[in-house]
Amino acid sequence: MSKRRELILAFESSCDETSVAVIEDGYKILSNIVATQINSHKRFGGVVPEVASRHHIEQITLCLEDALCEAGVDYKDLSAVAVTYGPGLVGALLVGVAAAKVVAFTHGLPLIPVNHMAGHIYAARFVEPIVFPALALLVSGGHTELVYMAETNSYEIIGETRDDAAGEAYDKVGRVLGINYPAGKEIDRLAHLGKDNFNFPRAMVDEDNFDFSFSGLKSSFINTVHHADQIGKKLDHKDLAASFQQSVVDVLAQKTVRALRKYPVKQLILAGGVAANKGLRERIENEIEQFDDTSLLMAPLQLCGDNAAMIGAAGYVAWKAGIKADMSLNAEPSLEFAWLD
């Protein structure tokens, strides 16, 4: 008698992507439907929460139908329903949570609550299994964190940003350069064409902790550009991008290396939206070579951004550990990592 497939239906709606996926056994993607809202938010230079929520309402059932159809499964085939319940935009989160609760209640399926940031970590699971203890460098639009994972479902933040996350700094700098939201990919491209001629500050890089700060870098960049405008001096955008990115990458890499020396781990995981940055990936690949007993596991480029497949992978692990929620599950926009009991 063949083993029954374990299928997780996953929902992600924390920000500006509506996504529904079907994941088999925690690591096989049967479908991963993503409806992006970039064009709707581009004219505002960033995500507008009310606009995002309305788009999620319009797209969630369509994504659900497409995900089931592409996976070739029906509700009766599912094992559980996983959903992002935080952190994120409260209105956006509520749409996904409501949809997941309806499916779980209607079809008598377990409801699995997933921390969005845990999802980013488990996006790497689609490359190969995560080996513990592990350290994750999470770099996204709203979060920059170093997370120590002693075992499955254990998350200890050992370092985090005290102000702007790296992704936020990219978007704010992009607006100054006239680059449409989201700006990260274009700044990365320009950075590889320019030189670090501006020597922007590397905030907190010498402090004896694993925290980050990118607000000062952003301000230094903006002041440099505005001063040049005032005196009629034209600055090379490629060099500006290269200098900005070099500062970000230096801080992220040096803090990560320091953390690896204090927390010996078997695996370093690079994940989050900014983990798609070519400059960061190259730097981390180089740095990890000095640690003979630590391997590098990077989330696939196509899964660095927000998507439901990563929620399905994290949800599967939580489900196997007996973690589930009832119908009182609510959105928690400021959700932080904690032991999951």
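**Sheet, helices and core**

Author: An open sheet is formed by 5 strands, ordered β8-β7-β6-β9-β10, with mixed pairing. The model is predicted: local features need pLDDT of at least 70 and side-chain atom pairs 80 or more, while totals for chains, interfaces and linings use all residues. Residues are numbered from 1 along each chain as its sequence is written, and side-chain values use heavy atoms, without hydrogens and water.

Reader: What makes β8 and β10 edge strands?

Author: Each pairs on one side only: β8 is 156–160 and β10 is 295–298. Strands are DSSP runs of E, at least two residues, and helices are runs of H or I, at least four.

Reader: How do you know that β6 and β7 pair?

Author: Two strands pair if DSSP finds at least two bridges between them. Strands β6 (residues 134–139) and β7 (residues 144–149) have 6 bridges, so they pair. The sense is antiparallel. Leu138 has Glu145 of β7 as its bridge partner.

Reader: What angle do α8 and α9 make?

Author: Helix α8 (residues 237–262) packs at about 35 degrees to α9 (residues 278–287), with axes 10 Å apart. Axes are lines fitted to C-alpha atoms, for helices over the stretch in contact (heavy atoms within 4.5 Å). Angles run from 0 to 180 degrees between N-to-C directions.

Reader: Which residues touch the most other members of the largest nonpolar core?

Author: Ile121, Tyr122, Leu135, Phe214, Phe244 and Ile269, out of 89 residues. Such a core is a set of buried (under 20% relative accessible area, 1.4 Å probe, protein chains only) Ala, Val, Leu, Ile, Met, Phe, Trp, Tyr and Cys residues joined through side-chain atoms within 4.5 Å. Its largest share, 12 residues, comes from α8.

Conventions. Buried < 20%, exposed > 50% of the residue type's maximum accessible area, 1.4 Å probe, protein only.
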